[in-house]
Every structure is written in structure tokens, then in C-alpha cells.
Amino acid sequence: MSIRQMFPGSIVKPGFNPLAVQTPLYNLFAWGAGGNGKLGLGNTTSYNSPVQVGALTNWSIIDSSSNANNSVAIKTDGTLWGWGLNNYGQLGLGNLTAYSSPKQIGALSAWSKLAVGNSFTLSIKTDGTLWSWGRNDYGQLGYGGANRSSPVQVGALTNWLQISAGYYHSAAIKTDGTIWSWGDGTYGQLGLGNTTGYNSPKQIGALTNWSAISCGTLFNVAVKTDGTIWSWGYNVSGRLGIGNTTNYSSPKQIGALTNWSQPYSGDSASTSIKTDGTLWSWGYNGNGTVGDGTIINRSSPVQIGSSTTWTSCSGGNDCAYGISAGQLYAWGSNGSGQLGLGNGTNYSSPKQVGSSNTWILISAGQSTAHGIG
């Protein structure tokens, strides 16, 4: 559900020639529940360990959502691709047909950012324009009207920087540091001080120091440029991380620390990495989603392990993933093999997926996961 992009340098392979131009290899892998073809593997089979999607090595960004049965991705050439369930046109292909392997969305090569929600998608182009498609019954696409099966531009502005998609709501940050939201506001998840829904972007407050945003299911977590972390919306199980279970319709600071970097929100829990490389988590923990070795809900952040090399995370449907020193870890619910550990056992603390140390990005869907490495 949130925007996650990390691009390390080229991976040195056997036969490396320092005099030749080296092209990084970005392989795409998928695992978990295969219904609706949402793994992109050309079938509807489920897999409990990573399987490569096709043979191409030019994938750069992948996103899904804890409530989504589809994925959308961007290749290194800037083209946009989608697969999986398509009943609301969320693949952006101009139809309502499900596809079990990646299909290109349009012919443009100017896409740069992605956010997948519950049956809808947001994307930013390299020119800073914002586009959306899919389900629109709550105005989550950022404009009024019916569902859309092809990308439609949201307004005419060219200063959109980051985007994130939740259950029926969306949020974004502009290049001026302002933060905006739209869609369903039933639980205050728009952060506008009320429970009203809006079908066009509305600014949250007047501050210009927001740097990162992640939408979970009916809630949000965001970081400011001063390193403080904030949350708002639905707060059952303590998913806002502010020490209680009260809903809030405007941003509330989580603790007083100023060393937070990037938040990652899932269905009912969140993880975040600090500037020191440590990993922290909070929220619903009935299946070990928090990753602290217990199944006790946490309404305040708790540190996960002692590693200081975490670089990327993703939250799914009662499970979570993280990358540390290029190694992929997973924990939480595993009934569909979505942890990629070769079994269906739940784990309440991080377990390494395979032995590779070349993972660079991970994205969780509904009982699925996709990774680039």
C-alpha cells in the first residue's frame, strides 16, 4: 500500500568486465496465493517459495496492497505493467479481464511512481503529473464519477512527488512538502479533522515539511523532514502506534523521537525504519504480524531484533517483510505460503527467505508477495 523505491548499484556477476557498461539485473519474483493470476506467473497456482516472473531482468518498481488481488509494476524503461484481478479496471488496460501474466498498460515510457490500493491504482509520471484508475465509489481516484479502466489524470498539476493508496482512500505529498488526501473519510483516515469523504485532493493542514506517507487499511503513517513520525485514522489494535486505541481524524505524533525515515503500513500493523537502520513495528499482532516474537497487540513501536542494516519493508494482510543487508525476511500469517519460507507456518519473528543477499525491494499483496532481486 505505500511507495517503496530503492535502487542500489549494480550487482557484480561472474565475468564482470570493468571496462564494459554494466546493466543491473532486476529480476522479479512472486509467491503466495495464486488465485486470479495475481502472482503473474501465467497460472493460478499458489507457491510457498519465490518463483521468477518471466525471464526479463528490467523490473524496477512493484506495488500491491494488503487488500489487493492484483499488482502493478514499472520497468527500467519507464513502461507500466499490470496483472491479476481486474473487476474494477484496476489494471488500467481498458477492460475488466483478469490476466495471469504481466500486460503493458498503454504505450508510454514515462511512469516513475506507483501505489496500489483496494481495486484501484495511482501513478506519477516523470513530468510530475498524477494519474489514477480502477474503483472509484468513494472518490479514491481523486475525481468524481464512475470507475475507470484506463489511466485518467488527476487535475493538471505537475508537482506530485509521492503517493500511497489505502482501502478506499489515497494520500500524496507534493514537491513543496505539503500533504494531501482524498476518498473515504469514515474513520478520519483523510486527516482533515472530520469523517467526511472527498473526491478530489484536500490539503491536510498547512505545513510544508512532510517527506513520506504510507496508507494502511483505514489509517495512515507519515514522516516529516524533521524525522518525527505521525499517524491518523482507524486505531483498533493500536495500529496508529500512539499508545491507545482511539481513532483520530488529524495527524498525531508517535512518541517524541526525530530519527524516523520511511513508514510502511499494512492491513492492521505498521513497520518503520529509523535513520540508524533499526526496524520498529506496532499494531495488530494476533498472527505475529508485529514480529517481536509474541502475539500481543502493540499500540506503541517496539524494536524488531537488533540489526541496524534494514533498508526496505512492506506490510501485507497480517504479515510483513523486510530487507536487511540484501537478505529478505518475512513474518506473520502464512496460511497461503505468502512468507515464502516453503511452508504454511506462521512466525512471530523474522525468518530469512532463502539464502540470497541481492534483494532490493519487496511488496506485499493479499496473501502474496513480490520481490525484486
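The protein has zero helices and 28 strands. Both kinds of element are DSSP runs, numbered from the N terminus: helices are H or I with at least four residues, and strands are E with at least two. The radius of gyration is 19 Å, close to the 21 Å that the globule rule gives for 373 residues, so the protein is as compact as a globular protein of that length. That radius is taken over C-alpha atoms, and the globule rule is 2.2 Å times the number of residues to the power 0.38.

This is a predicted model, in which local features need pLDDT of at least 70 and side-chain atom pairs count only at pLDDT 80 or more, while totals for chains, interfaces and linings use all residues. Residues are numbered from 1 along each chain as its sequence is written, and side-chain values use heavy atoms, with hydrogens and water left out.

Start with the whole protein. Its C-alpha atoms fill a box of roughly 55 × 45 × 40 Å, taken along the principal axes. Of the 373 residues, 55% are buried. Buried means under 20% relative accessible area, exposed means over 50%, and partly exposed lies in between (1.4 Å probe, protein chains only). The protein exposes about 12700 Å², and carbon and sulfur atoms supply 51% of that area. Such areas come from the Shrake-Rupley method with a 1.4 Å probe; for residues, only the protein chains shown count as cover.

Now look at contacts, meaning heavy atoms within 4.5 Å. Take those with a separation of 6 or more: residues 24 or more positions apart account for 51% of them. Charges come next. There are 17 positive and 11 negative charges, and their mean positions are 3 Å apart. Lys and Arg count as positive and Asp and Glu as negative; His and the chain ends are not counted. Each charge is placed at NZ of Lys, CZ of Arg, CG of Asp or CD of Glu.

Ser170 lies in strand E12 (residues 169–174). Ser181 lies in strand E13 (residues 179–183). Ser170 is buried, with a relative accessible area of 0%. Ser181 is buried too, at 1%. Leaving aside neighbours within four places in sequence, Ser170 is in contact with residues that include Phe120, Gln140, Trp180, Ser181 and Cys215.

The side chain of Ser170 reaches the backbone oxygen of Gln140 at 2.9 Å. The side chain of Ser181 reaches the backbone oxygen of Leu190 at 2.6 Å.

Another serine sits in strand E27 (residues 361–364): Ser363. Ser363 is buried, with a relative accessible area of 1%. A polar atom of its side chain lies 3.0 Å from the backbone nitrogen of Ser64.

Two loops come next. Ser119 is in the loop between strand E7 (111–116) and strand E8 (120–125). Its phi is near 70°, a positive value in a residue other than glycine. Ser119 is buried at 8% relative accessible area. Leu218 is in the loop between strand E15 (210–215) and strand E16 (219–224). Leu218 has a positive phi of about 70° although it is not a glycine. Leu218 is buried at 13%.

Gly332 lies in strand E25 (residues 327–332). At 0% relative accessibility, Gly332 counts as buried. Residues up to four places away aside, its contacts include Asn287, Gly288, Cys319 and Tyr347. Tyr99 is in strand E6 (residues 99–104). Tyr99 is partly exposed, with a relative accessible area of 22%. The side chains of Tyr99 and Asn95 are joined by a polar contact of 3.1 Å. Beyond four places in sequence, Tyr99 touches Asn36, Gly37, Trp83, Gly84, Leu91 and Leu93. The C-alpha atoms of Tyr99 and Asn70, 29 residues apart along the chain, are separated by 9.1 Å.

Key:
Polar contact = N/O pair within 3.5 Å; in protein donor to acceptor, adjacent residues only side chain to side chain.
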